[in-house]
Amino acid sequence: MIITKTKPFEEILPFVEGRKNIFIVGCNVCAAKMKTGGEPEVLELADRLATAGHPILGWVMPTAACSVRSFDHLVEKNEKIKDADCILVMGCGSGTSVVSSVTDVPVTGTNDTMSLGGCLGVNPSENLCVMCGECNIGDFSGICPTSRCPKSQMNGPCGGSKNGKCEVMRENDCVWYLIEKKMDSIHLMPMLQDIQMPKNHKV
Ligand code: SF4
Ligand code: SF4
């Protein structure tokens, strides 16, 4: 089971600022067990957002956020997601990455992913999340450079990125090429001007 911890509400608020159609994707497996993304937590977050002046458009509970296979998979459960202009994922970093991969709107996670905890059948993809404990995947709209860049480059590509490809894993796209492509398509390139500070890995 993936161990997650709910982020402080104040850290989630800036992401929804200026958004009209906020949508929540919960997780009915690990996050539900951790009480960080099950139905009660989804409803609680929806309530807090509404109280703060950000009523949500809708929500869904896929079996697991990391099991989402397509946008249609989410539409089948709640077609309001088609009108979302941002998505909050109440799962682990892998779940947030997976949801981000099926949509063109900004995506962030509401949890920090801490560790694997124990092996109970659902595993994060190492490629998508290395459980760093201080999730900032929303700053890159759901594409995590900590886990997907071999050098964990947090402030832009290294000097070896060439033609959109990674110099270390040449068969892969450079994660910064993917981040810039998505941020450009959703008009959020200015966010990449913010300098990312080193993470605090203290437990
Ligand atoms: S920043 Fe990346 S590695 Fe850290 S918890 Fe989020 S998705 Fe996982
Ligand atoms: S080329 Fe891109 S993905 Fe590869 S190490 Fe450099 S910044 Fe990271």
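Mentor: Start with a cut-off: buried means under 20% relative accessible area, exposed means over 50%, and partly exposed falls in between. The model is predicted. Now take Cys 129. Its relative accessible area is 8%, so Cys 129 is buried. Cys 129 sits in the loop that runs between strand S6 (111-115) and helix H6 (145-148).

What does Cys 129 touch, once its neighbours within four places in sequence are left aside? The contacts are Gly 93, Ser 94, Thr 113 and Ser 147. A further pair gives a distance. Cys 129 and Ile 143 are 14 residues apart in sequence, and their C-alpha atoms are 9.6 Å apart in space.

Next, the space itself. Rolling a probe the size of a water molecule over the atoms shows where empty space is left. The count comes to 2 cavities of 30 Å³ or more. The largest cavity holds about 100 Å³ of space. It is lined by 16 residues, and Cys 129, Met 131, Cys 132, Cys 135 and Cys 144 are the closest to its centre. By class, that lining has 8 nonpolar, 6 polar and 2 charged residues.

Turn to the second largest cavity. Its space is about 70 Å³. Of its 11 lining residues, Cys 27, Cys 30, Cys 66, Gly 91 and Cys 92 are the closest to the centre. Here the lining divides into 8 nonpolar and 3 polar residues, with no charged ones.

Now the open space. The largest pocket has a volume of about 420 Å³. Its lining counts 19 residues, of which Lys 7, Glu 11, Cys 135, Asn 136 and Asp 139 are the closest to its centre. Cys 135 was also named for the largest cavity, among the residues closest to that centre. Two elements give two or more residues to the pocket lining: helix H1 (9-16) and strand S5 (107-109). H1 gives the most, with 5 residues. The classes here are 8 nonpolar, 5 polar and 6 charged.

Stay with H1 for a moment. Val 16 is found in this helix. Its relative accessibility is 0%, so Val 16 counts as buried. Beyond the residues up to four places away in sequence, Val 16 touches Ile 22, Leu 49, His 54, Cys 86 and Leu 88. Take Leu 49 from that list. Val 16 and Leu 49 are 33 residues apart in sequence, yet 9.0 Å apart in space, C-alpha to C-alpha.

Go back to the contacts of Cys 129. Gly 93 and Ser 94 are two of them. Both are among the buried residues of H5, which also include Gly 95, Thr 96, Ser 97, Val 98, Val 99 and Ser 100. That makes 8 of the 9 residues of helix H5 (residues 93-101) buried, so the helix is largely enclosed by the rest of the structure. What covers them? The cover includes strand S2 (22-25), helix H4 (71-77), strand S4 (86-89), S5, S6 and helix H7 (175-185).

The ligand shell comes next. Around ligand 2 are Cys 149, Pro 150, Lys 151, Gln 153, Pro 157, Cys 158, Ser 161, Cys 166, Glu 167, Val 168, Cys 174 and Val 175. They divide into 8 nonpolar, 2 polar and 2 charged residues.

Check two backbone angles as well. Ser 152 is found in the loop between H6 and H7. Its phi is near 50 degrees, a positive value in a residue other than glycine. At 31% relative accessibility, Ser 152 counts as partly exposed. Lys 35 also has a positive phi, near 60 degrees. Lys 35 lies in the loop between helix H2 (30-34) and helix H3 (39-51). With a relative accessible area of 60%, Lys 35 is exposed.

Finally, the whole chain. The protein has 7 helices and 6 strands. From the N terminus, the order is β-α-β-α-α-β-α-β-α-β-β-α-α. The C-alpha trace spans about 45 × 40 × 35 Å along its principal axes. Buried residues make up 48% of the 203. Among contacts with a separation of 6 or more, 63% join residues 24 or more positions apart.

Methods. Residues are numbered from 1 along each chain as its sequence is written. Chains are lettered from A and ligands numbered from 1 in the order in which they are written. This is a predicted model: local features need pLDDT of at least 70, side-chain atom pairs count only at pLDDT 80 or more; totals for chains, interfaces and linings use all residues. Side-chain values use heavy atoms; hydrogens and water are left out. On a 1 Å grid over the protein atoms alone, a cavity is a set of points where a 1.4 Å probe fits but cannot get out, and a pocket is an open set with protein on both sides within 12 Å along at least five of seven lines; lining residues have an atom within 4 Å of a point. Grid points are joined across faces, edges and corners, and a volume is the space filled by probe spheres set on the points. Ala, Val, Leu, Ile, Met, Phe, Trp, Tyr, Cys and Pro count as nonpolar, Asp, Glu, Lys and Arg as charged, and the others, Gly among them, as polar. A residue is near a molecule or strand if one of its heavy atoms lies within 4 Å of it. Helices (H or I, at least four residues) and strands (E, at least two) are DSSP runs, numbered from the N terminus. Buried means under 20% relative accessible area, exposed over 50%, partly exposed in between (1.4 Å probe, protein chains only). Contact means heavy atoms within 4.5 Å.
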